[in-house]
Amino acid sequence: MKTNRIILCLLLSLFISMSCKKEEINTQTKNAAKTQDSLNRILPKEKQVVVNNDLQSFVLSCGSGCAMTYTSEGVTGNLPDLKVKFKVEMYVDEQLSDTYNEIYIFSYNQSNQIENIHLEGKNDNVLKTLLPDAQRSFKEFADGLITKNSKISASGSESSKIIYNKKNDPKTVSYKTIETSSIKGLEKFSCNQNKTRYIPLPDKSDIKLLLVPQDCGDFQYRYYLIAVKNNKVNGDLYVEGEWYEPDNEEDKEMRSFSIDGNYNITVNIKTSDSSTSEKYIITDNGTFVKK
């Protein structure tokens, strides 16, 4: 009889212990939920977790015949610090040579202006250590990141948004086609075909922007940006590709470009020993004018 009472007491103690533990877990869960809910109410939406569903990319030159494309694969964190995971593709002589991932921390000040960008686990600020063109590419990406994710423009204007900044691979790019005869002047860019290949870009009001490959000449990698208004090509601009003298392929000129929210066009021109930029605007009648 005494043994039965001991067993009963042990079972009762075990039940009470389990009940208390369950209550403790429930309390912790409720408290955690309350804490998160409080944070969501206190923090403005722009300072809550940020997820970027629109891929952004930019290109950095790493020397003669070498370039790296950085493509955003995800953005997390809370302002003032955002963490961006990039897929990095390295090209040597226009051939993909390596692909890997890098994570960068983007730190902003109270005015939502970028102050520091560094590789996760490192302290070097790329806005101070990289070459000027590379610094500019990272900064433009950072400005677009705030605009897209927080709906806060770091500069307070549409010009901080980047609506196009991409490097195209002629071997894998996907084109749309249009009847060459449907647009006056398009035959110049059709490579003598009835249908012209193109990559559609965001329209500027009633001006259509098309990126057209010109690979029927001496160079397989060459793109022209054309502006179409009233079914007529009014402007064209060589914006992306390569050029070199037939007997001097080592001294290659590479071009890439970007377009911001005000449709200002920046064409980056790089050679083995120089790097320059040209800026253009699109007029209301669809012509390109150099600034």
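Residues are classed here as nonpolar (Ala, Val, Leu, Ile, Met, Phe, Trp, Tyr, Cys and Pro), as charged (Asp, Glu, Lys and Arg) or, for the others, Gly among them, as polar. The structure under analysis is a predicted model. On this classification, the lining of the largest cavity comprises five nonpolar, six polar and seven charged residues.

A search of the whole structure returned two cavities of 30 Å³ or more. The largest cavity holds about 180 Å³ of space. It is lined by 18 residues, of which V59, S137, N165, S256 and N268 lie closest to its centre. Four elements, β1 (57–61), α3 (132–150), β12 (248–260) and β13 (265–270), each contribute at least two residues to the lining of the largest cavity. The largest share comes from α3, which provides five residues.

The second largest cavity contains about 40 Å³ of space. Its lining is formed by F189, S190, C191, K195, T196, R197, V212 and P213. By class, these divide into four nonpolar, two polar and two charged residues. Strands β8 and β9 each supply at least two residues of the lining, and β8 gives the most, with three.

One disulfide was found in the whole structure; it joins C191 to C216, with an S to S distance of 2.1 Å. The torsion about the S-S bond of this pair is about -75 degrees, and the disulfide is therefore left-handed. C191 is placed in the loop between β7 (176–179) and β8 (195–204), whereas C216 is placed in the loop between β9 (207–213) and β10 (222–229), so the pair ties together parts that are 25 residues apart in sequence. The relative accessibility of C191 is 14%; because buried residues are those under 20%, C191 counts as buried.

E242 has a relative accessibility of 10% and so counts as buried. When neighbours within four places in sequence are left aside, E242 is in contact with E94, F219, Y221, R222, K252, E253 and M254. The C-alpha atoms of E242 and R255 are separated by 6.3 Å, although the two residues are 13 residues apart along the chain.

Definitions and conventions: Residues are numbered from 1 along each chain as its sequence is written. This is a predicted model: local features need pLDDT of at least 70, side-chain atom pairs count only at pLDDT 80 or more; totals for chains, interfaces and linings use all residues. Side-chain values use heavy atoms; hydrogens and water are left out. Buried means under 20% relative accessible area, exposed over 50%, partly exposed in between (1.4 Å probe, protein chains only). Contact means heavy atoms within 4.5 Å. A disulfide is a pair of cysteine sulfur atoms within 2.5 Å. On a 1 Å grid over the protein atoms alone, a cavity is a set of points where a 1.4 Å probe fits but cannot get out, and a pocket is an open set with protein on both sides within 12 Å along at least five of seven lines; lining residues have an atom within 4 Å of a point. Grid points are joined across faces, edges and corners, and a volume is the space filled by probe spheres set on the points.
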